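This report is written for a reader meeting the structure for the first time. Please look at the sequence and the model before reading on.

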Protein chains: 2
Amino acid sequence: MKLGRLNHIGIAVPDIDAAIAHYRDVLGATDITEPFDLPEQGVRVCFVNTPTQSGPNSELHGTQLELLAPLDENSPVHGFMQKNPAGGQHHLCFEVEDIAEARTYFESLGKRILGPTRIGAHGTPIFFLHPKDMLGQLTEIMETPKEDAHWSN
Amino acid sequence: MKLGRLNHIGIAVPDIDAAIAHYRDVLGATDITEPFDLPEQGVRVCFVNTPTQSGPNSELHGTQLELLAPLDENSPVHGFMQKNPAGGQHHLCFEVEDIAEARTYFESLGKRILGPTRIGAHGTPIFFLHPKDMLGQLTEIMETPKEDAHWSN
């Protein structure tokens, strides 16, 4: 296994519209995607695109911030929000070339995987690894979107 | 203010050598800097360099993971470790062009700044913003290292 790109960090927020205003008006983000519901994950989601490098003319292909608000009390993010009402860092997401191979790999190391492989917010297959097996980090593993893949370079 | 590069995410860990082994052996990181003590911050630190894009020949200029272990019980990370003994996400760090200007900007918005501007782990000036004013996120602001700066592009 070779470390892939840090695709995004998941940030739980109590209110997605307020969070968008914060990232735009306080931190100066210029490219935030429209929020959408992801009912399979129990969350409303949008992405803050960050600059690849600092400067006025940078591309916006840096690690994304994924803002997540729980859709309801059954959301997996609901418990996190109970403990962190103001919001906070929720997970890290690394890319892999092949999701099935990655699943087999982590299983072979005895790492607990939370539920089945499913389609994530980027439209590619993902799974989550248990934070207790990952130094306290809820860790998402996602297959690189085809348009971004450079695995065979 | 325009959002700068997401320079790194700070990850608190109980033991830096065990964490290095985890990132190398489990997640497949190939470039991890030698750990060093940063007594002004009360932490022992190293950086995991992540790929700019997924694939075998990528540069390693993606958002870094900063692994932080408390140096002693007076460390600002000590309290975090008491609450999260396995470790976990500790802070986010965004780059700015000019640290003094950024400090004035956040002060003008009424955001609480934790202590004086000081030299951070990358050798450039930094300060921290209070998580209660930043949607629950302890947020570090750092001046872009000179060799990485593209602000005037």
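The sections below take up the basis of the model, the relation of its chains, a pocket, a helix and some single residues.

## Basis of the model

The model is predicted, so that local features are given only at pLDDT of at least 70 and side-chain atom pairs only at pLDDT 80 or more, while totals for chains, interfaces and linings use all residues. Residues are numbered from 1 along each chain as its sequence is written, chains are lettered from A and ligands numbered from 1 in the order in which they are written, and side-chain values use heavy atoms, with hydrogens and water left out.

## How the two chains are related

A pocket is found on a 1 Å grid over the protein atoms alone, as an open set of points where a 1.4 Å probe fits, with protein on both sides within 12 Å along at least five of seven lines, and its lining residues have an atom within 4 Å of a point; grid points are joined across faces, edges and corners, and the volume is the space filled by probe spheres set on the points.

Its lining has 21 residues, and those nearest the centre are T52(A), H61(A), T52(B), H61(B) and G62(B). The lining divides into 4 nonpolar, 13 polar and 4 charged residues, where Ala, Val, Leu, Ile, Met, Phe, Trp, Tyr, Cys and Pro count as nonpolar, Asp, Glu, Lys and Arg as charged, and the others, Gly among them, as polar.

## Helix α1 of chain A

Helix α1 of chain A covers residues 16–26, and its buried residues are I16(A), A19(A), I20(A), H22(A), Y23(A) and V26(A). Buried means under 20% relative accessible area, exposed over 50%, and partly exposed in between, with a 1.4 Å probe and protein chains only; helices (H or I, at least four residues) and strands (E, at least two) are DSSP runs numbered from the N terminus. These buried residues pack against β1, β3 and β4 of chain A, and also against β5 and α3 of chain B.

At the start of the helix, a side-chain oxygen of D15(A) comes within 3.0 Å of the backbone nitrogen of D17(A), and just after the helix G28(A) has a positive phi of about 80 degrees. V26(A), with a relative accessible area of 11%, is in contact with residues of chain B including M1(B), Y105(B) and F106(B).

## Single residues in chain B

T139(B) lies in strand β8 of chain B and is buried, because its relative accessibility is 2%. A polar atom of its side chain is 2.9 Å from the backbone oxygen of Q137(B), and among the residues that T139(B) touches are L92(B), F94(B) and M134(B).

P70(B), in strand β4 of chain B, is partly exposed at 25% relative accessible area. The C-alpha atoms of P70(B) and V43(B) are 4.5 Å apart, although 27 residues separate them along the chain.

Definitions and conventions
Contact means heavy atoms within 4.5 Å. A polar contact is a pair of N or O atoms within 3.5 Å; within protein, one must be able to donate a hydrogen and the other to accept it, and residues adjacent in sequence count only if both atoms are side-chain atoms. Lists of a residue's contacts leave out its neighbours within four places in sequence.
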